[in-house]
Structure formats: C-alpha cells, structure tokens
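Have the model open and try each task before reading its solution.

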Amino acid sequence: MSKKNTKVAKLIKLLTGDNKVEQIANVIDKVQVKEYEQIRPIVPIEKWINDQYYVGKDCVDKLYPFWKDLICEIFGGGKQNYNQIVLTGGIGTGKSTCGLYIVLRKLYELSCYENVAGLFGLMSNTMTAFLYFSLTKYQAERSGFSQLRSIIDGVPYFKELFKRNQYRNSTLDFPENIRIFYGSSTSDMIGLNCISAVIDEANFFGDSSGSEVDLGSVEELYNAVLSRTSSRFTSNGVNNSLNLVI
C-alpha cells in the first residue's frame, strides 16, 4: 500500500459510528468541483442600469449618462469586455460611484448562478471575494465600502433574490460563499480568492504629494491584485476578473 493510501486508511479508521460511508461522501461532496448551473436569466446591461429593481432609484435618477454609457460598454454584448479599468475625473464627477455600480453588476451576474465556484473550475467550497481598497482601512470602510453596502441594502433585487447577511456589516456576506471585504494593503488579500478589486483614491496613497514613492506603492498593490485575481479566475483561457483604479 502506498504512503498516500496508508494515510487515507488511517483517516477512515478515525471516523466514528456506523455511517462511515456517509461521512466520507460528505467530505468528498465538500471538496469536489460541482457543475455550475444558471438559475435565472441575466438581464441585459442596458435594461439593468436603468431599472430600479436591480440598481435602485438613485442610480436610475442620478448617475450621469456618461457613466451609464461606460458601464454599458464594459458589459455590452452579454459579456465582460474589460478586465482592467481606470476611472479619472475631478472631485464630484461620480467616478467612485460609477466604480461601485460596476462592482454591483459583477456581483449581480454571479448571483444568477448556482455553484459559482464551479463556474471557474474551483472546488465548490471556495470563497469568491471582492475587495475595496483605499488609503487606510478606516477610509475604505467609511467611504466606498459603506456606500456599496448602502446601495445594496436599497436595491430590491438584493433584498429579495440574493440577500446578504444583515447581522454582519464588517464584511458583506452573500449566498454561494461570496463576500465583499475592505482593506488598504496587499496583506488584506492574503488567503482570499479575489475576483474583483477596487483601488480608490489611487493618486493619494501614502500622502497627498503624488510622489514617485507613493505611486510605486499603488503600482505594487495593483500588480498584486492583478496577479491574484487572474491566477484564481482564469478559466478556459478567459480571464474573468475585474479590477478598477480610481
């Protein structure tokens, strides 16, 4: 008997009770890659971005047409056309809010599947993570992350068909082991299978001087994000990750 088989045999002996076969089946069920299944149709982006049921009243009434058109371009034709997006503009132009609705669309599309991890060839118990980065964890939580939580809590679709855990606000926890976190450095990604990340206030990381050192720290963070998201969520030659710099 091989060393590997010997270890398996020892583990089986450790199982208690008369239902060893059932216990083994439960373990296999948890670690295997299950087939994914689309459980509801994905609404075309042009309809989605203008429907209060999916995006809320504020998006329909107040998001600038320029940003709506951009979101439609990113997700046009029934697919995600870009993996890396940079949003620029003056203060108050709505670029950060636009970024949140881009993330919301990605979350919505995943919510239309059962066994989301299997969609990317991952084991069924794999977590799918979104990350929102800003200058500090405090800044990330009180700005973009908090705003995204507020948007989600006001959208009928996410209150009826894909509810988050309302008893937890430090992360946004959804069915299918999908979670949204916030952070400020590469260490906040450790152990996470990150499919999408937003780096907000990118030109102010470190301090407000815009020095080469600060820009270097953003570049380091962004490269780490690209590496982690693409390595985890490239399936059949298609990169399914989505990353934004604002």
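**Exercise 1.** Which residues touch the most other members of the largest nonpolar core?

*Solution.* Before we start: this is a predicted model, in which local features need pLDDT of at least 70 and side-chain atom pairs count only at pLDDT 80 or more, while totals for chains, interfaces and linings use all residues. Residues are numbered from 1 along each chain as its sequence is written, and side-chain values use heavy atoms, leaving out hydrogens and water.

Step 1: A nonpolar core is a set of buried Ala, Val, Leu, Ile, Met, Phe, Trp, Tyr and Cys residues joined through side-chain atoms within 4.5 Å; buried means under 20% relative accessible area and exposed over 50%, with a 1.4 Å probe and protein chains only.

Step 2: The largest core has 53 residues, and Ile102 and Phe158 touch the most other members. Its largest share, nine residues, comes from α7 (helices are DSSP runs of H or I with at least four residues, strands runs of E with at least two, numbered from the N terminus).

Step 3: A second, separate core holds 15 residues, including Met189, Leu221, Val225 and Leu226.

**Exercise 2.** Find where Leu107 sits and which residues it contacts.

*Solution.* Step 1: Leu107 belongs to helix α7 and is buried, with a relative accessible area of 1%.

Step 1: Contact means heavy atoms within 4.5 Å. Leaving aside neighbours within four places in sequence, the partners of Leu107 are Phe130, Ile152, Phe158, Phe162, Phe174, Ile178 and Ile180.

Step 2: Leu107 and Phe130 lie 23 residues apart along the chain, with 8.8 Å between their C-alpha atoms.

**Exercise 3.** Work out which residues of α6 are buried and which are on the face turned away.

*Solution.* Step 1: In α6 (residues 65-74), the buried residues are Trp67, Lys68, Ile71, Cys72 and Ile74. Down the helix axis they fall within an arc of 160°, so they line one face of α6; the arc is that of the directions from the axis to the C-beta atoms.

Step 1: The face turned away from the buried side carries the exposed Pro65, Phe66 and Asp69.

Step 2: The buried residues of α6 pack against α3 (45-48), α5 (57-62), β2 (84-86) and α7 (95-111).
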